[in-house]
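Let's walk through a model together and look at how its charged side chains pair up.

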Amino acid sequence: MSTVGLRDVSKVFPDGTVAVDGVNLDIGDGEFLVLLGPSGCGKSTILRMIAGLEDPSSGEVLLDGEPAATLTPRERGVAMVFQDFALYPHMTVGDNIGFPLKVSGQTDRQDQVSEVAGALGIGDVLARRPGQLSGGQRQRVAMGRAIVRRPRLFLMDEPLSNLDSQLRGELRAEISGLVRELGVTCVYVTHDQAEALTMADRVAIMRRGVLQDVGTPTEVYGRPATLYVAAFLGSPRMSLMEATVKVVLDRYVALRLGDQELHIPWKDLRARAVARYHGERIVVGVRPEALLPVPMDSPGDVLRGRIRHMEHHGHESLAFVDVGATAVVVDEMSTPTNGKAPATRGLRRFIDRLVGSPAMPDGHRDNGDSSVFDGSGSGGRHSRKPAELVVRLAPYPGVNAGHPLAVAVRTDALHFFEESGARIDVGHR
Ligand SMILES: Nc1ncnc2c1ncn2[C@@H]1O[C@H](COP(=O)(O)OP(=O)(O)O)[C@@H](O)[C@H]1O
Ligand SMILES: [Mg+2]
């Protein structure tokens, strides 16, 4: 049983790399906390500082409320599981699991090893060697080795990244179930937002060493603190568009999206928060669950546009609809891009050039320049790409690219952000 505290923790490596930048975080006893962020954002460095394998450059790590600086990694009582967990190839599964007990001088290990192996569903392969196991079984052995000494804290660094997606899904549930059963506090690192949302009690989202948001999956998904968090969570991703704000006092706040408008009624408390940006540009985010296809002549908060392309997923089809608004693209969503545009965007542009862009609604010019909004507080540069609303349709709905489509928008489910990336909202969660 254990709590973890990070107080203004920073890590600057000798070459000047700021891997972790002023992180404050409290992890409760028995909590399953997921550290989420793209590759290179400082997740592993945080884990290594908690484990005592790396010292903070400034700030403090607390274990059970006490400064951990004087404790060796061994004294911290943590167990780590890595992505490329190394099992001893020449030892049996049983000996691999029992190894930490052996190292600590325990002679009677059989019962503990059997119990742990049984809990992990690998009780029948104890005599095998790692080479004779499947990937999933090997990962279970690594888990078993971490559990067997009853650590006070689990630190897991992308333990499922090397497995295929089917197995990942199974092990997600197994690991989070097992860890909760044991009641051991766990810090789990991943770059996979779906993994984070399904496994975590709370998710902490990082970007470039800076903590962006912390909350339950419902909180961070439902009210993302920054544009970056909004763009990172959810599949399909939130559509982000430029909008100009126009206040019609006591009636509504109009959001101008290209040639179309949405109205936030005054009775929506957030209208007042958005009204402060009268005459300015903000970012409007909309998830597929806030959109419903309707007949073209429907009244109310409806956006009309043309389908740019379709994606068929079997159980549903997704229409990517151009409504004449300009997209806001947030960089660094997956792998580090070093300031370069992600490869997929280049590919999209290449395909657009090859096949010619589908017809745009009147007045919309697609000049193919997709510079990137970086949300770092400088105002950012903006993409001139057309925004695409992602609309869920029934499977194989018989509409194709080029078709017109109207969608009703639930304005109470829109997300608003400043161009600097900060959320525009009322109250606190
Ligand atoms: N020993 C080191 N020396 C210099 N830079 C490092 C070192 N370890 C990590 N980094 C850098 O620190 C940043 C954060 O790394 P890391 O914590 O491994 O990120 P993540 O686990 O989120 O992928 C990266 O830019 C990485 O290149
Ligand atoms: Mg890492």
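Here is a short tour, starting with ground rules and moving on to salt bridges and then the backbone.

This is a predicted model, so to speak of local features we need pLDDT of at least 70, and side-chain atom pairs count only at pLDDT 80 or more, while totals for chains, interfaces and linings use all residues. Residues are numbered from 1 along each chain as its sequence is written, chains are lettered from A and ligands numbered from 1 in the order in which they are written, and side-chain values use heavy atoms, with hydrogens and water left out.

Side chains of opposite charge can pair when their charged atoms come close. The structure holds 20 salt bridges, where a salt bridge is a side-chain nitrogen of Lys or Arg within 4 Å of a carboxyl oxygen of Asp or Glu. One of them pairs Arg172 with Asp192, at 3.8 Å from N to O. Arg172 sits in helix H5 (residues 165-182) and Asp192 in the loop between strand S8 (185-190) and helix H6 (193-199), so this contact ties together parts that are 20 residues apart in sequence. (Helices, H or I with at least four residues, and strands, E with at least two, are DSSP runs numbered from the N terminus.) Arg172 is buried, with a relative accessible area of 18%, and Asp192 is buried at 18% too. Buried means under 20% relative accessible area, exposed means over 50%, and partly exposed is in between, using a 1.4 Å probe and protein chains only.

Helix H5 also carries Arg180, and the loop between H6 and strand S9 (202-207) holds Asp201, 21 residues away. These two form a salt bridge with their closest N and O atoms 2.9 Å apart. Arg180 is partly exposed at 36%, and so is Asp201 at 29%. Elsewhere, Arg410 and Asp412 pair up at 3.4 Å between the closest N and O atoms. Shared partners also join Lys11, Arg48 and Glu54 into one network of salt bridges.

Now for the backbone. Ser235 and Pro236 are joined by a cis peptide bond, with omega about -5 degrees. Pro236 lies in the loop between helix H8 (227-232) and strand S11 (239-248).

Which phi value does Asp64 have? Its phi is near 50 degrees, positive although the residue is not glycine. Asp64 sits in the loop between strand S4 (58-63) and strand S5 (66-67) and is partly exposed at 35%. Tyr396 has a positive phi as well, near 45 degrees. Its loop runs between strand S18 (386-393) and strand S19 (404-409), and Tyr396 is exposed at 56%.
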